[in-house]
Amino acid sequence: MRAKIKKIFSGKHSYRVLSIFVLAVALVVAGISYAFFTSQDRVDNEVHGTTPEIKLLEPNWTSTGSEAAKHSEPGTTIDKDPYVYNNAGEAVYVRMMISVTNADGKAVDDETEEAILKALMLSDGNTAFVTIDGADITCNNSSFYYYDGYYYYMVDGSTTELLALQADENTTKLFNYITFPVTKAEYQYFEEEFNIVVTAQAITVDSVTGTDFSDIVDKFEEIYA
């Protein structure tokens with residue numbers, strides 16, 4: 001279900017960025033030193049017969065981020081802006097998931113995952129995408145609510161009401177940038193190759209009999225079990 005493109009530039013220090021796309025598209029970032037890095041990206045979309053058709057896109061990465069990444073240094077902010085486009089003919093509810101794996105596709109340890117998630121930034125370039133306090137994760141994007149491993153697309157600022165994404169409409173961007181750490185202490189979590197995999201899922205609004213958050217979550221779990 002996933003495709004990879006990777007490119008390594010020569011030199012004593014380099015970065016490597018990979019891209020993996022799951023269901024619609026998933027984002028992968030990998031680092032192997034403290035110096036310059038380069039990257040390529042590719043979008044693959046897959047449609048499954050039991051789910052509505054959606055696409056996960058990142059246009060700013062395509063237009064500017066991928067080129068900027070070829071000349072970046074630690075501390076640089078790079079465009080990475082995944083969002084969902086509803087390509088179905090009816091309204092859907094959307095949720096997204098982020099997982100962090102190593103080069104072998106296995107989950108990284110908790111400290112590494114936390115450091116990588118904290119490198120994701122919102123549109124102002126200063127606000128972290130998530131705040132992590134122990135096992136608790138708070139999404140700082142007001143259009144999404146984090147619950148039990150997923151980021152649900154919500155009525156802005158709500159923690160109980162999902163927003164129906166109409167046909168031919170987009171969600172807001174889940175996050176906008178990746179800002180790479182500067183200090184060596186922070187970079188220890190970026191030394192080994194890793195993958196940030198973003199997965200998008202959708203169910204039709206009509207498939208759920210009620211509008212309660214718990215009812216919609218249950219329907220997601222039923223369909224994607």
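## Strand β11 and its partners

In this predicted model, strand β10 (residues 144-147) runs antiparallel to strand β11, and four bridges join the two. Across this pairing, Phe144 has Tyr153 as its bridge partner in β11. The two strands form a hairpin with two residues between them, and in the turn Asp148 has a positive phi of about 50 degrees.

Strand β11 also pairs with strand β6 (residues 92-102), again in the antiparallel sense, over two bridges. Here the bridge partner of Arg95 in β11 is Tyr152, while the charged end of Arg95 sits over the ring of Tyr150, 3.5 Å from the centre of that ring.

## Two directions from one strand

In a regular strand the side chains alternate between the two faces of the sheet. In β11, Tyr150 and Tyr152 point one way, whereas Tyr151 and Tyr153 point the other way, and all of these residues are buried.

## Aromatic pairs

A search of the whole structure finds 10 aromatic pairs. One of them joins Tyr152 and Phe220, whose ring centres are 5.8 Å apart and whose planes stand at 80 degrees; because an angle over 60 degrees counts as edge-to-face, the pair is described in that way. Tyr152 lies in strand β11 (residues 150-153) and Phe220 in helix α4 (residues 213-223), so the pair ties together parts that are 68 residues apart in sequence. Both Tyr152 and Phe220 are buried.

Phe220 also pairs with Tyr224, with ring centres 6.3 Å apart and planes at 20 degrees, so this pair is stacked.

At 38% relative accessibility, Gln166 counts as partly exposed. Leaving aside neighbours within four places in sequence, Gln166 is in contact with Asn86 and Ala91. The C-alpha atoms of Gln166 and Tyr85 are separated by 9.4 Å, although these two residues are 81 residues apart along the chain.

Methods:
Residues are numbered from 1 along each chain as its sequence is written. This is a predicted model: local features need pLDDT of at least 70, side-chain atom pairs count only at pLDDT 80 or more; totals for chains, interfaces and linings use all residues. Side-chain values use heavy atoms; hydrogens and water are left out. Rings of Phe, Tyr and Trp (its six-membered ring) pair if their centres lie within 6.5 Å; planes under 30 degrees apart count as stacked, over 60 as edge-to-face and the rest as tilted. Buried means under 20% relative accessible area, exposed over 50%, partly exposed in between (1.4 Å probe, protein chains only). A charge sits over a ring if NZ of Lys or CZ of Arg is within 6 Å of the ring centre and within 35 degrees of the ring normal. Two strands pair if DSSP finds at least two bridges between them. Contact means heavy atoms within 4.5 Å.
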